Amino acid sequence: MPQGPRKIIIDTDPGQDDAVAILLALASPEEVEVLGICAVAGNVPLALTARNARIVCELAGQPGVKVFAGCDRPLSRKLVTAEYVHGATGLDGPQLPDPVMPLQDRHAVDFITETLRAEPAGTVTLCALGPLTNIATALQRAPDIASRIQEIVLMGGAYFEVGNVTPAAEFNIYVDPQAADIVFRSGAPLVVMPLDVTHKALTTRPRIEAFRAMGTESGRMVAEWTDFFERFDVQKYGSEGAPLHDPCVIAWLIRPELFTGRHINVEIETQSELTLGMTVADWWGVTDRKPNALFIGDLDADGFYALLTERIARL
């Protein structure tokens, strides 16, 4: 393994849980170096995800982070968004000032491609927190980059938990199943954080209050964001809190020992109306299809929240 922090590009559609993931990465310079943040349409349209990414960088006191706007719609279907979960802005809850820092002039897809070609092969990890449109577009336009990616760590899909936006599909994959299919067939090493693991990373009152008790702006924001989007999942699942999906991606890079999973074959359903966007995960090894992903199934939730609390307290 190369020494020093891991170079990452965060591809994201913020979303409150995306925002927490970005804060975790920016608070962890020993483990991860954020080369840039790419916005994609997903939870809310692109203009808002690009705005939200910059708001989060400024909140972390890091306005120098480069933020790029990417694809404003899926490869071949209409955009599906999730304002009903995240609110009209994608970051509903606390009042947030407009960002001052600029959006970069380059398209996110060009930034991804050029960075992977410029950095030594096998040294850049792509952290995908939203639909996979930007990454798939980069792989389509520049097939040579697939072999240069160290790893793609993504939040998406489900097996035992099945679906959260349709009975069969998880939101990020469902928004752009064609993009997910390209990524899962790319040959790049994949680590997948499905609902199976993220639904075990539940906010609880004490966990949310630990953020509020920091007495910092970042701590207050995280508490208010989780207060806001928790209401949807508590109502829907009858659970104690809401899953913090996307921070699992960054936590994996910092503390992989918190997670367990299996190296299996995962394929994406792109044809069926009924199960469009389903991640067909061969968890039990019943096919002879070649494993293409480390599919995570469990995590140490207390360890995960301890890490989140410790890092966000630094900001």
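Author: Let me begin with accessibility: buried means under 20% relative accessible area, exposed means over 50%, and partly exposed lies in between, with a 1.4 Å probe and protein chains only. This is a predicted model, in which local features need pLDDT of at least 70 and side-chain atom pairs count only at pLDDT 80 or more, while totals for chains, interfaces and linings use all residues. Residues are numbered from 1 along each chain as its sequence is written, and side-chain values use heavy atoms, with hydrogens and water left out.

Reader: Why is Arg73 called exposed?
Author: Its relative accessibility is 54%, and the label asks for over 50%, so Arg73 counts as exposed.

Reader: What makes Asp72 partly exposed?
Author: Asp72 has a relative accessible area of 40%, so it belongs to the class between 20% and 50%.

Reader: Why is the contact of Asp72 with Arg73 called a salt bridge?
Author: A salt bridge needs a side-chain nitrogen of Lys or Arg within 4 Å of a carboxyl oxygen of Asp or Glu. The closest N and O atoms of Asp72 and Arg73 are 3.2 Å apart, so the pair qualifies. In the whole structure, a search finds 20 salt bridges.

Reader: How do you know that Arg6 and Glu151 form one too?
Author: Their closest N and O atoms are 2.4 Å apart, so they also meet the 4 Å limit. This pair links distant parts of the chain, with Arg6 in strand β1 and Glu151 in strand β5 (residues 149-155), 145 residues apart. Helices (H or I, at least four residues) and strands (E, at least two) are DSSP runs, numbered from the N terminus.

Reader: Are those two residues buried or exposed?
Author: Arg6 is at 16% relative accessibility and Glu151 has a relative accessible area of 16%, so each is buried under the 20% limit.

Reader: What makes β3 and β7 edge strands?
Author: Two strands pair if DSSP finds at least two bridges between them. Eight strands form an open sheet in the order β3-β2-β1-β4-β5-β6-β10-β7, with mixed pairing. At its edges, β3 (67-69) and β7 (259-264) each pair on one side only.

Reader: How do you know that β7 pairs with β10?
Author: Six bridges join β7 to β10 (residues 293-299), and the definition asks for at least two, so they pair. The two strands run antiparallel, and the bridge partner of His263 in β10 is Leu294.
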